[in-house]
Amino acid sequence: MLIVRERWLSRRAVSLHLAILVFVPGCAVAAWWQINRAADGNQLSYLYSVLWPAFGLLSLYFWWMLVHTDYDNAGLKGVQRQQAMATSDDFPVPGGPQPPVTVDEDPELAAYNARLADLATQGPKTWRARESVVVRREQ
Amino acid sequence: MKRLTQRGLEGALFRYQLMANIVGVLIIPLFLFTGLHIAKVGSFKLELAIFGVGHGYLYIVYLIAAGFLALKARLHIPWILLMFVAGLVPGLTFLVEWIIVTRKIQPLIAAQNAAAATETSGVSPAAQ
């Protein structure tokens, strides 16, 4: 619930919602205006009446992508942070060396713990396709 | 041609730079003919139609290229707005493209290369 609130109701997200609430009806009005002008015989307006809905759809797409953009593990700061994590060994890195299974540990419990650790490094679930993490360690 | 369809940050950067230059060149005659038309130097209806519609449709391609670069490089919203507005102002396109590339994208590529370099040479996974 906290993740949902952070994603959809942060100041950044709310300003995105407000911008989209103004811009998309604006595009719709402009498109309707151009369609009416085209119907009145302005031939150039046929081309512009395609342009305005395209702007509206594009803004909707970028609104969705920006709401689902996480700055944690990509971008300049993200890469620097990931590199600091990879060199410090204090934090788990996705795909990095897993802690070895100790002898007295139940293999089922070890697999469960490994799964939990893997989930913890993946971060919250989003609707956006996950990009591969930049810092990788080869086996 | 290969760079046009290349995946990843380099490809997105190339597509953005290509579209920024095309749109930045196209908007100059558009503003020029608009000014001449308003100043009643002559009637430039055909030129205005060609450059207006051409810039309008190519501006959509520019928005897509710039937006995908911004999403890939995780630029923040003010930078994205600056990139989008730059395609509408003559001359600003080239300036913003230069600022974005030198201030934002090249440091990111350098950081990614540094990360890749330490990954292959420096720290080796000891617990294997």
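How many helices and how many strands are there in chain A? Chain A has five helices and zero strands, where helices (H or I, at least four residues) and strands (E, at least two) are DSSP runs numbered from the N terminus. This is a predicted model, in which local features need pLDDT of at least 70 and side-chain atom pairs count only at pLDDT 80 or more, while totals for chains, interfaces and linings use all residues. Residues are numbered from 1 along each chain as its sequence is written, and chains are lettered from A and ligands numbered from 1 in the order in which they are written.

Of the 139 residues of chain A, 13% count as buried, a residue being buried if 20 or more other C-beta atoms, placed from the backbone, lie within 10 Å of its own. Among the contacts in chain A with a separation of 6 or more, 67% come from residues 24 or more positions apart; two residues are in contact if their C-beta atoms, placed from the backbone, lie within 7 Å.

Two packed helices are described by the angle between their axes and the distance between the axes. In chain A, helix α2 (residues 11-39) packs against helix α3 (residues 44-67) at an angle of about 170°, with axes 8 Å apart; the axes are lines fitted to C-alpha atoms over the stretch in contact, and angles run from 0 to 180 degrees between N-to-C directions. That makes α2(A) roughly antiparallel to α3(A), a label for angles over 145 degrees. The contact of α2(A) with α3(A) has 20 nonpolar, five polar and one charged residues, with Ala, Val, Leu, Ile, Met, Phe, Trp, Tyr, Cys and Pro counted as nonpolar, Asp, Glu, Lys and Arg as charged, and the others as polar.

In chain B, helix α2 (residues 45-73) and helix α3 (residues 77-86) pack at about 160°, with their axes 10 Å apart, and are therefore roughly antiparallel to each other. B:Leu63, B:Ala66, B:Gly67 and B:Ala70 of α2(B) meet B:Trp79, B:Ile80, B:Met83 and B:Phe84 of α3(B) in this contact.

Methods
Parallel < 35°, antiparallel > 145°, perpendicular 65-115°, else oblique. Buried ≥ 20, exposed ≤ 12 C-beta atoms within 10 Å, placed from the backbone.
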